[in-house]
Amino acid sequence: MIIIMFMFGMLFGSSVYAFVLRYHEHKSWLKGRSECDYCHHVLQPLDLIPIFSWLALGGKCRYCSKRLSWQYPLVELVAAILFALSYIFWPLSFNSLGVFQFICWLILITGFMILSIYDLKWYTLPDKIVFPLVSLSFLQLVVVSTGSGSVKYFLGGIIGAALISGIFYMLFQLSGGKWIGGGDVKLGICLGMIVGGPVNSVLLIFIASLIGTILAIPFALKNKTIKAHIPFGPLLMVATVIVFFFGSDLISWYTHLLT
Ligand SMILES: [Zn+2]
């Protein structure tokens, strides 16, 4: 099952990158076939095997021998690892509700990868990708709380969404959009519903800020400025994955530390 999830992740990962590029160029992502970035030779099925094709061809195009970006196999590998780890560390059960949540989760993290690449490349989180993810996380919240009869689960999601997007909205207004983007405010609704509750929400923001600070240190030392332009979106999504799987472990570890 872990191997199946890994393969499945590789396949999703290879569509993720193709989707981002085609979406950005306003091309249809269903029509049209993959081609080389340089010579535009249409790629054959043998050239499209995730990771392996890139490795087998030494990272070069089979037709024009130009060097192909290492970002393609990297995204495929990250997706494969994320899918496999999601199965291994899945914190919920695998009953029918759990399987529904697992499928939603895989779609959500695929969306996160699309948004992260977008934010890293062009410093923006497109509404057309954020809003479907917000809707999916809301649908998931409604289905699971209805299915399990848990009002607490539902309220936790709503509180999480209100808290994270509320704090981001305040920062957005205070800084005139300099500290945080409008896309992060909307994404916060989705992330808050996923992690749920005030404690997890605060932990999410803390972890994202911590990773941001750590990443900014080498930049600050090199350029003698603290104004590193690291987009916040990918950090928030990484933090969401961490809190979703290990939030309760981190919180109990921390409270044990204090007592
Ligand atoms: Zn080529």
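A cavity here is a set of points, on a 1 Å grid over the protein atoms alone, where a 1.4 Å probe fits but cannot get out, and its lining residues have an atom within 4 Å of a point.

**Ground rules.** I am working with a predicted model, where local features need pLDDT of at least 70, side-chain atom pairs count only at pLDDT 80 or more, and totals for chains, interfaces and linings use all residues. Residues are numbered from 1 along each chain as its sequence is written, and side-chain values use heavy atoms, with hydrogens and water left out.

**Entry 1, the cavity.** The largest cavity comes to about 60 Å³; a volume is the space filled by probe spheres set on the points, which are joined across faces, edges and corners. Its lining is made up of Trp90, Gln101, Cys104, Trp105, Leu108, Gln140, Tyr153, Ile194 and Phe244. Helix α4 (residues 96-122) gives the most to this lining, with four residues. Helices are DSSP runs (H or I, at least four residues), numbered from the N terminus. I sorted the lining by class and got seven nonpolar, two polar and no charged residues. For that sorting, Ala, Val, Leu, Ile, Met, Phe, Trp, Tyr, Cys and Pro count as nonpolar, Asp, Glu, Lys and Arg as charged, and the others, Gly among them, as polar.

How many disulfides does the structure hold? I found zero, taking a disulfide as a pair of cysteine sulfur atoms within 2.5 Å. Cys104, one of the cavity-lining residues, has its closest cysteine sulfur in Cys190, 11 Å away, so the two are too far apart for a bond. Cys104 is buried at 4% relative accessible area, and Cys190 is buried at 0%. My cut-offs are under 20% for buried, over 50% for exposed and partly exposed in between (1.4 Å probe, protein chains only).

Which atoms hold the zinc ion? They are the SG atoms of Cys36, Cys39, Cys61 and Cys64, at 2.2 to 2.3 Å. Donors are N, O and S atoms within 2.8 Å of the metal (3.2 Å for Na, K and Ca), and water is not among the atoms, so sites may look incomplete. The angles among the four donor atoms run from 104 to 118 degrees, and I logged the site as tetrahedral (all angles between 85 and 135 degrees). Along the chain, the donors follow C-x2-C-x21-C-x2-C. Cys39, in the loop between α1 (2-24) and α2 (52-56), and Cys64, in the loop between α2 and α3 (71-88), are 25 residues apart and link distant parts of the chain. Cys39 is partly exposed at 33%, and Cys64 is partly exposed at 27%.

Key:
Four donors count as tetrahedral if all angles lie between 85 and 135 degrees; four count as square planar and six as octahedral if opposite donors are over 155 degrees apart and all others between 65 and 115; anything else is irregular. Helices (H or I, at least four residues) and strands (E, at least two) are DSSP runs, numbered from the N terminus. On a 1 Å grid over the protein atoms alone, a cavity is a set of points where a 1.4 Å probe fits but cannot get out, and a pocket is an open set with protein on both sides within 12 Å along at least five of seven lines; lining residues have an atom within 4 Å of a point.
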